[in-house]
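Thanks for coming. I will take a few minutes on one structure, so please have a look at it first.

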Amino acid sequence: MNDPNAPMYYKGVYHLFYQHNPLAATFGDIIVWAHSVSYDLINWIHLNIALEPSGPYDINSCWSGSATILPGEKPAILYTGIDHYKNEVQNLAIPKNLTDAFLREWEKHPQNPVMTPPTGVEEDNFRDPSTAWHGKDGKWRVIVGAQNGDEGKTILYQSEDFVNWTVNPNPFFATDNTGVCECPDFFPVYINSTNGVDTSVDNSSVRHVLKISYLRKQHDYYFLGKYVSDKENFVPDVEFTGTSKDLRFDYGKFYASKSFFDYAKNRRILWGWVNESDSTQDDIEKGWAGLQTIPRKVWLDKSGKRLMQWPIEEIENLRHKQISITGEKLEGGSTLEISGINVSQVDVEVLFELPELESGDWLEDPSEVDPQLLCSKQHASRSGKIGPFGLLALASKDLTEETAVSFQIFRASNRYLCLMCSDQSRSSLRNDLDKTTYGTIFDIDPNLKTISLRTLIDKSIIESFGDGGKAVITSRVYPLLAIEKDAHLYVFNNGSQSVVISKLNAWSMKQAEIGHEGNINCA
């Protein structure tokens, strides 16, 4: 499994299509669109393959794309086909039966391909059409990721009927020295609300977000900015720098993400693909590779400078046995075990009460800091003043294995910052793993008294949400000792200043129900 393709809500059912190799636990020569459905985004039913190679326009694979709900509640899929020349073209598919809420069968349009690589775009780097939006002139618009040499760009197409598309000669958005822009996602966010908004809304109450998956970096970056509809382009607030200053949905393992507007609950939901950190041979032996993050609600922060993310509320239905801690002081160098629940599958929320921020370590020039490098050099066992403090996830009893998710508070000229790290360097006694340590740094309010950390752990994946969703880090770990009942979870403080666990709630999590149609009862 890799890219989430076309999440959508249709007739009371959530749909997730995704890239899939049905023949092996590796990326393959033939990729199809797998299809699963859910009533709650948590428990899933796998259906038969939705799209597979069949015509000259997609005979070598059905790659990524998006879904759009057309007027009359008619879903349509635009997807990239690898044609008989190994070129990338865009194709259209529509449901065979609109009364089937599961949308089990899809028909490919007889006019496929509906878009072919235009002038100034490499024929094998033209892919991943976005969800379409309806302009004020009544025309549909969609962007497609592309490359020309080192220039990455998104190309805008327009159509009145969703079949006949015209290319705009000027790029919708472009970046130099980045290579191909994959999986572009373009959507509005309300300025003064946490609610989501339909992709076609364009007025003074919204700003726009453009997300690009840069293949060379294997990260998803997003830009806040202005959609200039009369010029048919997007102007970001801040240019892409290729450094840690650029905004990302997730500062760990997270790629090829896709969002959709859930009009059932007025929210925008984001999915991302998380690949493995072990070897291809490991994938073959275990028989699977790749997963999706827990769906996240996305909205614009009050500052207007970044997006916020939080696990969808439905995940709380899997909460089971609960442990709570309040008012516990953590002296420097101390750990506190959270016991009595299954911590290999757990949802933990902790609110830390901070000492005076003025006592934090001094950071000379925050603009020159690479947070990932800082987290790697100063791993969680180091001692600062305020932190590192946080959680030791999937830890062995003797702490020879642990994944530390931590905060450290810094002060700089006229500002305070929080360094958030996910340190995989001690996550496993195995040596044949990617144990990259991840990090990000963000400004905090000078009057901040508390900071929150929410971490969801599911055996080999750790998703952590810092400061209410201001920063997110996802990691994959494969401990040898800290598995199942031998996994431990600790709160720790390695700073010289004490911090207080104002409140901590941890829940062991039940298994989601996932099965194939006909073999599961949740339908």
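Predicted model: local features only at pLDDT ≥ 70, side-chain atom pairs only at ≥ 80, totals over all residues.

Let me start with the disulfide. A disulfide is a covalent bond between the sulfur atoms of two cysteines. The structure holds one. Its partners are cysteine 375 and cysteine 421, with their sulfur atoms 1.9 Å apart. The pair links distant parts of the chain: cysteine 375 sits in helix H2, residues 371-377, and cysteine 421 in strand S30, residues 415-423, 46 residues apart. The torsion about the S-S bond is about -80 degrees, so this disulfide is left-handed.

Are these two buried or exposed? Cysteine 375 has 1% relative accessibility and counts as buried, because the cut-off is under 20%. Cysteine 421, at 3%, is buried as well.

Now for cysteine 181 and cysteine 183. Cysteine 183, in turn, is in no disulfide. Cysteine 181 is buried, at 0% relative accessibility, and cysteine 183 is buried with a relative accessible area of 3%.

Last, the surface. Leu429, Leu480 and Leu481 form a nonpolar patch there, and together they have about 260 Å² of accessible area. Leucine 480 belongs to the loop between strand S34 (471-476) and strand S35 (488-493). With a relative accessible area of 47%, leucine 480 is partly exposed.

That is what I have.

How values were computed:
Residues numbered from 1 in each chain as written. Heavy atoms only, no water. Patch = residues over 30% accessible without salt bridge, like charges linked within 9 Å, V, L, I, M, F, W, Y side chains within 5 Å. Areas by Shrake-Rupley, 256 points an atom, 1.4 Å probe, with all protein chains shown as cover. Salt bridge = Lys/Arg side-chain N within 4 Å of Asp/Glu carboxyl O. Helix = DSSP H or I, 4+ residues; strand = E, 2+ residues; numbered from the N terminus. Buried < 20%, exposed > 50% of the residue type's maximum accessible area, 1.4 Å probe, protein only. Disulfide = S-S within 2.5 Å.
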